[in-house]
Amino acid sequence: MTSATTMTAALPADQREPLMRLAREVSFEAGTRLFEEGRRADRFWIVRTGTVALDARVPGRRPAVIRTLGHGELLGWSWHFPPYLWQLGAEATSPVRAWEFDAGSVLALCAADPGFGRTIAVWAGRVAAERLHASRVRLLDLYAPYGSGDLV
């Protein structure tokens, strides 16, 4: 994936290295819920292999899948912005291997190195904006009478 939301596109090599020092390898079986909308966001992941579906609760219906994430993509941005609650839910749709990061440790590194902190903030902001747009388009496609009308 060459999206601006992937780690390699968002972080220069010299800023990936301090972040990766905080990484912990984890794996999830297909069907594992990684987080639930509205709960405390205290970590995030970068997907190495497999896929994760982001979903949104829709009253009276099953959660709507908003987007599927894969290799290199940032899973979770809510840890970076108050009130630090997940804005979507996430479920592994295949076996997933990922790097997991403790939000407090990354935020402390951001505070200690303002240049690094700005890069992380821009990355998390881009991801949040992309996911907000994807949510809007998907929900309009599912529930609006004429869909989203999105040509992008």
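This is a predicted model: local features need pLDDT of at least 70, side-chain atom pairs count only at pLDDT 80 or more; totals for chains, interfaces and linings use all residues.
Q: Where is tyrosine 84 found?
A: Elements are read as DSSP runs numbered from the N terminus: helices are H or I of at least four residues, strands are E of at least two. Tyrosine 84 belongs to the loop between β6 and β7. Its phi is near 60°, a positive value in a residue other than glycine.

Q: Which peptide bond is cis?
A: The angle to read is omega, and it is near 10° for the cis bond from proline 82 to proline 83. Proline 83 lies in the loop between β6 (74-75) and β7 (89-92).

Q: Is serine 78 buried or exposed?
A: Serine 78 has a relative accessible area of 3%, so it is buried. Its place is also in the loop between β6 and β7. A contact requires heavy atoms within 4.5 Å. Leaving aside residues up to four places away in sequence, serine 78 touches Ala41, Tyr84, Leu85, Trp86 and Gln87.

Q: How many helices and strands does the secondary structure of the chain come to?
A: There are 4 helices and 8 strands. Read along the sequence, their order is α-α-β-β-β-β-β-β-β-β-α-α.

Q: What radius of gyration would a compact globule with 152 residues have?
A: The radius of gyration is taken over C-alpha atoms, and the globule rule is 2.2 Å times the number of residues to the power 0.38. For 152 residues the rule gives a value near 15 Å, and the chain, with 16 Å, agrees. Along the principal axes, the C-alpha atoms fill a box of roughly 50 × 30 × 30 Å. Of the 152 residues, 43% count as buried.

Q: What share of the contacts with a separation of 6 or more comes from residues 24 or more positions apart?
A: Such residues account for 76% of those contacts in the chain. Leucine 19, in helix α2 (residues 13-20), provides a case. Beyond residues up to four places away, leucine 19 touches Met7, Leu11, Phe44, Ile46, Phe101, Val106, Leu109, Phe116, Ile120 and Trp123. Leucine 19 has a relative accessible area of 0% and is therefore buried.

Q: Where is leucine 54 found?
A: Leucine 54 sits in strand β4 (residues 52-56). With a relative accessible area of 3%, it is buried.

Q: How many aromatic pairs does the structure hold?
A: Rings of Phe, Tyr and Trp (its six-membered ring) pair if their centres lie within 6.5 Å; planes under 30 degrees apart count as stacked, over 60 as edge-to-face and the rest as tilted. The structure holds 7 such pairs. In one of them, phenylalanine 28 and tryptophan 45 have ring centres 6.2 Å apart and planes at 80°, so the pair is edge-to-face. It links distant parts of the chain, 17 residues apart: phenylalanine 28 is in strand β1 (residues 24-28) and tryptophan 45 in strand β3 (residues 43-49). Both residues are buried.

Q: What kind of pair do the rings of phenylalanine 35 and tryptophan 45 form?
A: Their centres are 5.8 Å apart and their planes are at 10°, so this pair is stacked. It too links distant parts of the chain, joining phenylalanine 35 in strand β2 (residues 33-35) to tryptophan 45 in strand β3, 10 residues apart. Phenylalanine 35 is buried, as is tryptophan 45.

Terms used: Residues are numbered from 1 along each chain as its sequence is written. Side-chain values use heavy atoms; hydrogens and water are left out. Buried means under 20% relative accessible area, exposed over 50%, partly exposed in between (1.4 Å probe, protein chains only).
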